[in-house]
Amino acid sequence: MTWIVKCENCGNIRKVYVSYNIKNLTKIYIYCPKCRKNTFHIIIEKQ
Ligand SMILES: [Zn+2]
């Protein structure tokens with residue numbers, strides 16, 4: 001699945017490829033290449 005997520009820390013929007021089922025979540029804690037650390041990301045769109 002391809003999800004569009006927004007970093008809560010810097011506002012960077014990007015696509016992430018998710019292989020596991022987290023459809024009930026509204027936020028995920030993943031690595032942000034702009035912040036160069038793990039941050040919370042808001043899930044904007046699920047494709
Ligand atoms: Zn960020």
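Me: Which residue in strand 4 stands opposite Ile 28?

Reply: This is a predicted model, in which local features need pLDDT of at least 70 and side-chain atom pairs count only at pLDDT 80 or more, while totals for chains, interfaces and linings use all residues. Residues are numbered from 1 along each chain as its sequence is written. Strands (E, at least two residues) and helices (H or I, at least four) are DSSP runs, numbered from the N terminus. The residue in strand 4 that stands opposite Ile 28 is His 41.

Me: How many bridges join strand 3 to strand 4?

Reply: Two strands pair if DSSP finds at least two bridges between them. Strand 3 and strand 4 run antiparallel, and Cys 32 stands opposite Lys 37 in strand 4. The number of bridges joining strand 3 to strand 4 is six.

Me: Which residue in the hairpin of strand 3 and strand 4 takes a positive phi?

Reply: This hairpin has four residues between the strands. Most residues other than glycine have a negative phi.

Me: Why does Arg 36 count as exposed?

Reply: Arg 36 lies in the loop between strand 3 and strand 4. Arg 36 counts as exposed because its number of C-beta neighbours inside 10 Å is 8.

Me: In what order do the four strands form the open sheet?

Reply: From the N terminus on, the elements of the chain run β-β-β-β, and the chain has zero helices. In the sheet the pairing is antiparallel, and the order is 2-1-4-3.

Me: Which are the edge strands?

Reply: An edge strand here pairs on one side only. The twist averages 50° from one strand to the next, where axes are lines fitted to C-alpha atoms and angles run from 0 to 180 degrees between N-to-C directions. The edge strands are strand 2 and strand 3.

Me: Which residue in the turn between strand 1 and strand 2 has a positive phi?

Reply: Strand 1 (residues 2–7) and strand 2 (residues 13–17) run antiparallel and are joined by five bridges. Thr 2 stands opposite Tyr 17 in strand 2. The two strands form a hairpin with five residues between them, and the turn residue with a positive phi, about 85°, is Gly 11.

Me: How many residues of strand 4 are buried?

Reply: Strand 4 has 10 residues and lies largely in the open, because the number of them that is buried is one.

Across the chain, 4% of the 47 residues count as buried. For strand 4 the number is one.

Me: Where is Tyr 20, and is it buried or exposed?

Reply: The place of Tyr 20 is in the loop between strand 2 and strand 3. The C-alpha atoms of Tyr 20 and Met 1, 19 residues apart in sequence, are 8.5 Å apart in space. With 6 other C-beta atoms within 10 Å, Tyr 20 is exposed.

Me: What box do the C-alpha atoms of the chain fill?

Reply: Of the contacts with a separation of 6 or more, 48% are between residues 24 or more positions apart. Taken along the principal axes, the box is roughly 25 × 15 × 15 Å.

Notes. Buried ≥ 20, exposed ≤ 12 C-beta atoms within 10 Å, placed from the backbone. Contact = placed C-beta atoms within 7 Å.
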